[in-house]
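User: I would like to go through a protein model in questions and answers. Please show it first.

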Amino acid sequence: MEIFELAAELGRKLKDDKRLIALEEAKKAYEGDRSLQKLMIEYEVQQKAMQNEVAKSDRDMQMIEAIQRRTDELYTLIIEHPVFTELNRTQSEVNELMNAVNQTIMTQITGEEPSGCTHNCSTCGGCH
């Protein structure tokens, strides 16, 4: 098999992995959650308002503080939102998987085992 055929086969196998399936489901939930999207839009609007206010020569410090408080509130609401946390969790799992796949490939290329134990066997090429 050619290298790109092997890569395509690997891609097809990865696509069927439960971690990638969970990530796709989490992305759909994220994109479809109206309450979370509203928070994200308001957060962006507040960020732009802050940039505009800070850029003024006659800055209104009370306005800046109010915008900052609201931005902080929105940030907390976003990062604690269950849909957002699930997206981050599934993305982290996929990142670990891809790092493990890349490490396995590098081990085959270099013949060297990975140095240092992550204590997460899913990222390991083997220590025994």
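User: How many aromatic pairs does the structure hold?

Analyst: This is a predicted model, in which local features need pLDDT of at least 70 and side-chain atom pairs count only at pLDDT 80 or more, while totals for chains, interfaces and linings use all residues. Residues are numbered from 1 along each chain as its sequence is written, and side-chain values use heavy atoms, with hydrogens and water left out. Rings of Phe, Tyr and Trp (its six-membered ring) pair if their centres lie within 6.5 Å; planes under 30 degrees apart count as stacked, over 60 as edge-to-face and the rest as tilted. The number of aromatic pairs in the structure is 2.

User: What is the angle between the planes of Tyr30 and Phe84?

Analyst: The centres of Tyr30 and Phe84 are 6.4 Å apart, and the pair is tilted. Tyr30 lies in helix α2 and Phe84 in helix α5 (residues 82-110), so the pair ties together parts that are 54 residues apart in sequence. Helices here are DSSP runs (H or I, at least four residues), numbered from the N terminus. The angle between the planes of Tyr30 and Phe84 is 50°.

User: Is Phe84 buried or exposed?

Analyst: Buried means under 20% relative accessible area, exposed over 50%, and partly exposed in between (1.4 Å probe, protein chains only). The relative accessible area of Phe84 is 16%, so Phe84 is buried.

User: Which residue pairs with Tyr43?

Analyst: The partner of Tyr43 has its ring at 6.4 Å centre to centre, with 40° between the planes, which is a tilted pair. Tyr43 is in helix α3 and the partner in helix α4 (residues 61-79), 32 residues apart. The partner is Tyr75.

Note on methods:
Helix = DSSP H or I, 4+ residues; strand = E, 2+ residues; numbered from the N terminus.
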